[in-house]
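Biologist: I would like to go through this structure strand by strand. Please show it first.

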Amino acid sequence: MVREQYVNTTQDSSVPAPVPDSIYKIGIYGWRKRCLYLFVLLLIIILTVNFALTIWILRVMWFNTEGMGHLKVTSDGVRLEDGESEFLFPLYAQEIHSREDSSLLVNSSENVTLNARNENNDVTGSLSVGPDVAQGNAQNFVISSNTKTLFSADDKEVVVGTDKLRVTGLEGALFEHSVETPLLKAEPFKDLRLESPTRSLSMDAPKGVFVKALAGNIEAASNMDFLLHSSEGLVILDAETVRLPNLPLGQGGVSGNAQGLYEVCVCPSGKLFLSKAGVTSTCSESQEC
């Protein structure tokens, strides 16, 4: 309660004139005052609990001036000093790399998917590694070492840029279409087989096809006809011994040839057959043509 007294003075007299006293009640009293104190007390308790929770979170998450625990925030980005990172939602980053003394491991219980997007947020390339299959989608797929392209593939062709392509499977390599290569070679002490089980096998080269066996034989087997054809040149059989063991034997020739000598005859159609040798040629006496 505040008591105020107003004093009136005049110019002719210095004696104050008495003024009736006026009493004003200023403040909050009763149940309003108690509610105000209770609200202030409750507010102080809430602020204290929030401050304690904030201190507890900072302690548990290891927040400091450099980052959060092993996670350091630098001018180059975010760096994890030690431990593992677990992301529950998609991660968007421009560059991810490991420390110099350790490898980068990306692990997931389902699959790992990497997407590349353009400025319109459209996926231009993706790589997905799942428990059963690894799949990549892109316009071009390139594997390089330093400045040399080792492997590249697009919708038109596949290029292998290594000096040697080795196929180690037991069944070899299966090609549904043509193969273009300057050299086809087997491993040391291994056989080289070119086989087409149900169709034909063709080897073409503008300057010639060269087949060579340094320490073994060259075998060509056919169920039907075996043709050697040269459009403008010759077919040369250059060897120390040329054997044709299954040539048919003609019915003509000299009877009583005790030495077992035969001569090779050629029909106008090109067919070869044997005829018993005589003093003169006996090919015309045979009817094998």
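This is a predicted model: local features need pLDDT of at least 70, side-chain atom pairs count only at pLDDT 80 or more; totals for chains, interfaces and linings use all residues.

Biologist: In the hairpin of E3 and E4, which residue in the turn has a positive phi?

Modeller: E3 and E4 run antiparallel and are joined by 2 bridges. The hairpin leaves 2 residues between the strands, and the one with a positive phi, about 65°, is glycine 69.

Biologist: How many bridges pair E4 with E5?

Modeller: A hairpin through 2 residues joins E4 to E5. Leucine 71 has leucine 80 in E5 as its bridge partner, and valine 73 stands opposite valine 78 in E5. E4 covers residues 71-74, and its antiparallel pairing with E5 runs over 4 bridges.

Biologist: In the sheet E6-E7-E8, by what angle are neighbouring strands turned against each other on average?

Modeller: This open sheet has 3 strands with antiparallel pairing. E6 (112-117) and E8 (134-137) stand at its edges, each with a single partner strand.

Biologist: Which residue in E7 is the bridge partner of alanine 116?

Modeller: E7 spans residues 123-129 and runs antiparallel to E6, with 6 bridges joining them. The partner of alanine 116 in E7 is glycine 125.

Biologist: What kind of aromatic pair do phenylalanine 141 and phenylalanine 151 form?

Modeller: The structure holds 1 aromatic pair. Its ring centres are 6.2 Å apart and its planes stand at 70°. Planes over 60 degrees apart count as edge-to-face, so with 70° the pair is edge-to-face.

Biologist: Which strands does this pair link?

Modeller: The two residues are 10 apart in the chain. Phenylalanine 141 lies in the strand of residues 141-145, and phenylalanine 151 in the strand of residues 148-153. These strands are E9 and E10.

Biologist: Is phenylalanine 151 buried, partly exposed or exposed?

Modeller: Buried means under 20% relative accessible area, and exposed means over 50%. Phenylalanine 141, at 47%, is partly exposed. Phenylalanine 151 has 27%, so this residue also counts as partly exposed.

Key
Residues are numbered from 1 along each chain as its sequence is written. Side-chain values use heavy atoms; hydrogens and water are left out. Two strands pair if DSSP finds at least two bridges between them. Rings of Phe, Tyr and Trp (its six-membered ring) pair if their centres lie within 6.5 Å; planes under 30 degrees apart count as stacked, over 60 as edge-to-face and the rest as tilted. Buried means under 20% relative accessible area, exposed over 50%, partly exposed in between (1.4 Å probe, protein chains only).
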